[in-house]
Every structure is written in C-alpha cells, then in structure tokens.
Amino acid sequence: MRAYRALLGCALALAFVVVVAGAYVRLSDAGLGCPDWPLCYGRPLPAEIAEADALVKAWKEMAHRYLAGTLGLLILAIAVVGWRLRRSAWLASVLVLVVAAQAALGKWTVTLLLKPAIVTAHLAGGMATLALLLWLALSQSQHASDARMHTLRSSALVALLLVVAQILLGGWVSANYAALACPSLPLCPGAMDFANAFHLVRELGHTAEGELLSSDALRAIHWTHRVFALVAVAAVLYCALRAWALSRALGALLALLAALQFVLGVANVAAGLPLALAAAHNAGAALLLAALVVLNFFAFRGLRAPW
C-alpha cells in the first residue's frame, strides 16, 4: 500500500506539471512545434531545424509529449496495481480510458491544426485526469466519519460544476486566441457576435461557413468568460464560507485560490497577457479545481477533513 500511495502521489504531481506545461506550450504558440505525431519531423527528438525559434518550439512540444507519455505509463501501472490490491480498481480503469482519449485528442490537436473544439477538449481531459487522480488518491486514505460534512454537498457540487464550466470557457478563450479581445477593464465596449463565437464545429479563426471569425465574435468569447468568472468566484466564496465552520484551512484555501484566480485574470488583461501570468492563471485553475475536488470528496464521503 505504501508503494501504491507513493505511485499515486507521483502521478498526481506529474499530472499537475503536465497540465501547466500543456498550457505553457499552447500559450507560447508551440502547439504545432512538431507538425507530425507522435514523432517530431519523423524523429523521436527535434533535430536539423535551421530556424532557432522553430527548434525551440519543437523541443517544447516534444517535452510535453514525453511528460504526458510518462504520466500515461504511471496511470497504467496504477490500474494494474489497483486491480491486484482490489483498491478502487474501476476508477483506475476509467483513468486509463481518459488517458487513451487524451492521447487521441493530443494527436488530433496537431493533425487537425488546432481546431478550437479539440484544443478545449484536450484541456478538459487534462483537468479531468488531475481530478480523478486526486479522488483516487484521497480514497486510499482513512479519516474519521463526520456527517456534518454532508451539509456541504449542494454548495460544494455547484461550486465544482461552475468552476469546471469556467475552465472550459477559459480553454475556449485560449483556443480562439481571444484573451486580448477585450483590452479594457472592467467593461468591454463594442459589438458582440455570440452566434459565431460559440459554434463548436469550425476551424481555427473561421466561422462554420468558412469566413474569417470577426473581432465581434472574439469579443463575445472573452466577455462571456469574464462575466462567468464573477459567478464562479461568488459560488466558491460562498462555499468557502460554509466550509470554514468545519475546516478552517480548507475554507481559507478555497477563498484564497478563488481570489488569486480573479486577480490573475484581471492582471493578464491589464498587462497584455505576459506568458508567465497566463501560465500561472492556468495553474491557479488547476489548483482551485483540486481544492474543490477535495471538498466534494469529504462532503460526499461524509469524512472529516484532516486539517
């Protein structure tokens, strides 16, 4: 069991790294650093690329692929050990399926030339992998039962679902290069085209009819993400306030992460989307998701948080 828990801990840490690294690759415009898959220009490592910038992007892309591949192997090992120990084997098997789907989405991200729906789904798969690994790791620990945690079920689940929706909207913003479509704060003046903004089946930068995607559509994508952030943050803060009575540490952590995400979102717009801040915003989303998964685990399992 010690080895199994250690394996879960390593996979969980690596899943977080993979999520953040994937965002970094995307934000640094290296998503197509290698035009083929799974190799890079037909090689396991980038080589013989004359242009220095293209070589750097290729290395970024391949580094992310190798990190993701290592995570996939760890999750496969977790599933095998889980079945042998009869410890949450079905959940571990679901994780293997999610990783297989992630590999397919990673391939299609490249071969379909960054189609927004595929890029967003790839982000969702990465976050789902992190959340499922965390739930699996928590299920291996033992804590005293506390029925009072059940009172948090509704608010914890609503907050989790709203944050998931906000993460998907953030992925849609990034996939459509709409992060700077509204450069002013706090409002976003100008017309908005919601019909084309959220049409899923289309190519990058184009409408479903093949025309160029207008700035009005990009503005609508960005503004929706910005407004929904207020809803998600309010839900998390309410949940944090309710959790405070049962676990001050967890309640404070939720409030801190929600506030940090809001500040990072504003800072990204105000500073013109610097790479470090943009990657930090993605990392913050992953941490907030993880904190809400922990809260939901204790709320639905009726267990007392150990802090």
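Colleague: How many residues apart in helix 2 are lysine 57 and aspartate 53, and what separation in helical turns is that?

Modeller: This is a predicted model, so read every value as computed from it. Lysine 57 and aspartate 53 are four residues apart in helix 2, which spans residues 52-85. That spacing is about one helical turn.

Colleague: What do lysine 57 and aspartate 53 form?

Modeller: A salt bridge. The general idea is a side-chain nitrogen of Lys or Arg within 4 Å of a carboxyl oxygen of Asp or Glu. Here the closest N and O atoms are 3.5 Å apart. Aspartate 53 is partly exposed, at 43% relative accessible area.

Colleague: Which residues are linked with Asp53 in a network of salt bridges?

Modeller: Asp29 and Lys57 are linked with Asp53 in that network.

Colleague: How many salt bridges does the structure hold?

Modeller: Five. One of them joins glutamate 61 to arginine 65, with the closest N and O atoms 2.9 Å apart. Both residues lie in helix 2, four residues apart, about one turn of the helix.

Colleague: Are glutamate 61 and arginine 65 buried or exposed?

Modeller: Both are buried. For that label, the relative accessible area must be under 20%.

Colleague: Now the rings. How many aromatic pairs does the structure hold?

Modeller: Three. Read two things for each pair: ring centres within 6.5 Å, then the angle between planes, where over 60 degrees counts as edge-to-face. Tryptophan 135 and phenylalanine 297 are 5.1 Å apart centre to centre, with 80 degrees between the planes, so the pair is edge-to-face.

Colleague: Why does the pair of tryptophan 135 and phenylalanine 297 tie together parts that are apart in sequence?

Modeller: Because tryptophan 135 lies in helix 4 (residues 116-138) and phenylalanine 297 in helix 9 (residues 275-301). The parts are 162 residues apart in sequence. Tryptophan 135 is partly exposed, at 25% relative accessibility. Phenylalanine 297 is buried, at 0%.

Colleague: What angle do the planes of phenylalanine 297 and phenylalanine 298 make?

Modeller: They stand at 85 degrees, with centres 5.5 Å apart, so this pair is edge-to-face. Phenylalanine 298 is buried, with a relative accessible area of 0%.

Colleague: Which residues form one aromatic cluster?

Modeller: Trp135, Phe297 and Phe298.

Terms used: Residues numbered from 1 in each chain as written. Predicted model: local features only at pLDDT ≥ 70, side-chain atom pairs only at ≥ 80, totals over all residues. Heavy atoms only, no water. Phe/Tyr/Trp six-rings, centres within 6.5 Å; stacked < 30°, edge-to-face > 60°. Helix = DSSP H or I, 4+ residues; strand = E, 2+ residues; numbered from the N terminus. Buried < 20%, exposed > 50% of the residue type's maximum accessible area, 1.4 Å probe, protein only.
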